[in-house]
Amino acid sequence: MTMQGYLRADGRKGIRNTVVIAYLVECAHHVAREVAMPFRDSDVHVIGFPGCYPNSYAETMMERLCTHPNVGAVLLVSLGCESFNKYKLAHLIRESGRAVHTIVIQSTGGTRKSIGEGQAFVAEQRAALDDMATVPMEASDLIIGTVCGGSDGTSGITGNPAAGRAFDLLVQQGAACIFEETGELIGCEHIMASRAITASLGLELEASVAKAAKYYATLGYGSFAAGNAEGGLTTIEEKSMGAYAKSGASPISGLIKPGDIPPRGGLYLLDVVPDGEVRFGFPNINDNAEIAELIACGSHAVLFVTGRGSVVGSAISPVIKICANPETYRRMADDMDVNAGRILEGAGTLDEVGREIRDVVLNLAAGGRTKSEELGHQEFVLTYKTFAPIGPACLPGG
Amino acid sequence: MAQEDTLDPGTDPRLLLLDDRDNVLVVRARLCAGETVQVSGGAVSVAADVPLGHKIARRDIMPGTKIFKYGAPIGSTTTLIRTGEHAHVHNIKSDYTPTYSLEGEAARYGEAP
């Protein structure tokens with residue numbers, strides 16, 4: 001297996017060469033979707049921010065996503081009167097060495113003309129990117145995220161610890177690995193803090209979980225859906241213990257927030273719960289909001305462990321589906337990349353499935369594609385949030 | 001948290017003990033109503049189906065007791081749970097935030113058509 005990537009001006013390498021179409025307010029979403037329609041099988045993905053009013057978190061997310069190593073060119077679609085700073089976003093994309101074009105629907109003359117202009121740009125960029133040469137790539141060039149969704153009583157026994165074993169292997173090979181959802185680490189904060197590479201980082205890890213517990217207590221609900229209970233999970237603490245297993249056993253090298261890119265290889269916790277008073281509702285309204293944040297932190301691909309059977313993928317980065325429940329796997333095999341549930345039936349070990357997951361990851365840079373990519377999944381969600389920058393103790397070693 | 005399979009002596013192999021400190025066992029193949037299973041050396045009759053991934057009590061657990069799974073506390077009992085009984089949202093609560101479930105709603109409104 002030879003890993004190949006697309007070299008970007010900042011030195012990072014992508015495993016995909018996607019054209020992104022980004023709407024800057026919901027009012028421009030339809031035009032963006034129509035521009036993408038003829039290109040649905042050729043790596044053209046739609047992302048966007050629906051809000052009309054400014055939000056620095058959303059602007060940072062859009063900047064990181066539009067300059068992600070898996071992205072080759074960007075079309076911005078503006079209605080014209082929304083607050084999003086399209087000038088700054090277009091400037092940053094151009095500075096990153098990527099082609100960018102902005103359509104302002106009100107100036108272009110409406111829906112039909114905007115779709116035509118957008119499709120011409122996308123066709124031209126698609127052709128140019130398809131001719132781009134690749135360069136050799138290694139595991140140490142990769143950033144990999146992990147998330148669990150549609151969890152059940154099997155997730156914490158098979159899929160999540162197997163993903164943790166894959167993380168251990170990838171970290172050993174020099175990759176940066178990111179786990180997240182501090183709201184699903186409630187009850188695990190002390191054991192997690194003991195794995196931090198410095199004591200002051202350990203305190204930051206504990207503080208991030210305390211913040212999540214307070215935030216969810218104000219909302220009155222945990223990060224826990226009805227299907228989790230139907231699948232045998234009884235409490236948020238139980239779900240947390242299972243989710244924590246995704247982190248594996250490596251030392252924890254840092255704590256980052258959405259849009260922060262790990263500076264080097266190692267294991268990182270992504271703090272996804274907003275800072276300050278509860279303002280915009282749930283920290284993440286669904287799994288895809290978490291996946292978008294992992295990708296904004298530079299994740300080339302995301303490991304998604306599911307017990308109940310999620311089907312989602314994502315715009316920009318491939319999502320590898322790891323099915324923890326053998327009954328779900330038999331029912332939904334078309335959507336699943338890895339059958340971790342077989343461990344429960346004595347047909348594999350955590351180490352074997354961990355190695356299999358690692359190999360699926362590396363193969364994504366050698367021609368491999370995920371089930372969700374083949375099925376055309378390109379989910380994307382971005383909502384309002386507020387974050388303060390990380391403190392100096394969060395990334396020891398600078 | 002190695003979570004390798006552990007067999008509990010005197011317990012049906014379909015029931016997984018994740019840690020010696022645990023007072024619940026995880027069901028790794030559905031238990032069906034009416035069958036008899038071995039739990040901690042005794043025979044227990046299964047009252048209603050217990051699906052894959054759910055938990056049953058490893059021993060009698062008094063009300064107000066911490067439930068341990070993976071060797072860690074995951075909540076507290078709200079009522080007595082007998083050995084072999086289904087241990088879930090009807091007899092365990094979170095010590096952090098309440099659990100939201102749709103338990104009973106299908107019976108109340110009928111299955112979604």
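This report walks through a predicted two-chain model, chain by chain.

## Ground rules

Residues count from 1 along each chain as its sequence is written, with chains lettered from A and ligands numbered from 1 in the order in which they are written. Since the model is predicted, local features need pLDDT of at least 70 and side-chain atom pairs count only at pLDDT 80 or more, while totals for chains, interfaces and linings use all residues.

Chain B has nine strands and one helix, laid out along the sequence as β-β-β-β-β-β-β-β-β-α. Helices (H or I, at least four residues) and strands (E, at least two) are DSSP runs numbered from the N terminus. The C-alpha trace of chain B spans about 45 × 35 × 25 Å along its principal axes. Of its 113 residues, 36% are buried (20 or more other C-beta atoms within 10 Å of a residue's own; 12 or fewer is exposed, in between is partly exposed; C-beta atoms are placed from the backbone).

How many residues of chain B touch chain A? There are 27, in contact with 28 residues of chain A, where contact means C-beta atoms, placed from the backbone, within 7 Å. Strand β7 (residues 72-77) of chain B supplies the largest share of that side, four residues. By type, the side of chain B splits into 13 nonpolar, nine polar and five charged residues (Ala, Val, Leu, Ile, Met, Phe, Trp, Tyr, Cys and Pro are nonpolar; Asp, Glu, Lys and Arg charged; the others, Gly among them, polar).

## The seven-stranded sheet of chain A

One open sheet in chain A runs β10-β11-β9-β8-β12-β13-β14, with parallel pairing; strands pair if DSSP finds at least two bridges between them. At the edges are β10 (252-256) and β14 (338-339) of chain A, each with a single partner strand, so one side of each has no neighbour in the sheet. Strands β8 (residues 143-148) and β12 (residues 301-306) of chain A pair in the parallel sense over five bridges, with T146(A) opposite L303(A) in β12(A). Helix α6 (residues 159-172) of chain A packs on this sheet, and its direction makes about 155° with that of β12(A) (axes are lines fitted to C-alpha atoms, for helices over the stretch in contact; angles run from 0 to 180 degrees between N-to-C directions).

## The four-stranded sheet of chain A

Another open, parallel sheet has the order β4-β3-β5-β6 (chain A). Its edge strands, β4 (44-48) and β6 (99-104) of chain A, each pair on one side only. Strand β3 (residues 18-23) of chain A runs parallel to β4(A), joined by five bridges, and I21(A) sits opposite V46(A) in β4(A). Helix α1 (residues 29-36) of chain A packs on the sheet, at about 170° to β4(A).

## Two positive phi values

E181(A) has a positive phi of about 65° without being a glycine. E181(A) lies in the loop between β9 and α7 (189-193) of chain A and is buried, with 28 other C-beta atoms within 10 Å. I316(A), in the loop between β12 and β13 of chain A, has a phi near 75°, and is buried with 26 C-beta neighbours inside 10 Å.

Key. Two residues are in contact if their C-beta atoms, placed from the backbone, lie within 7 Å.
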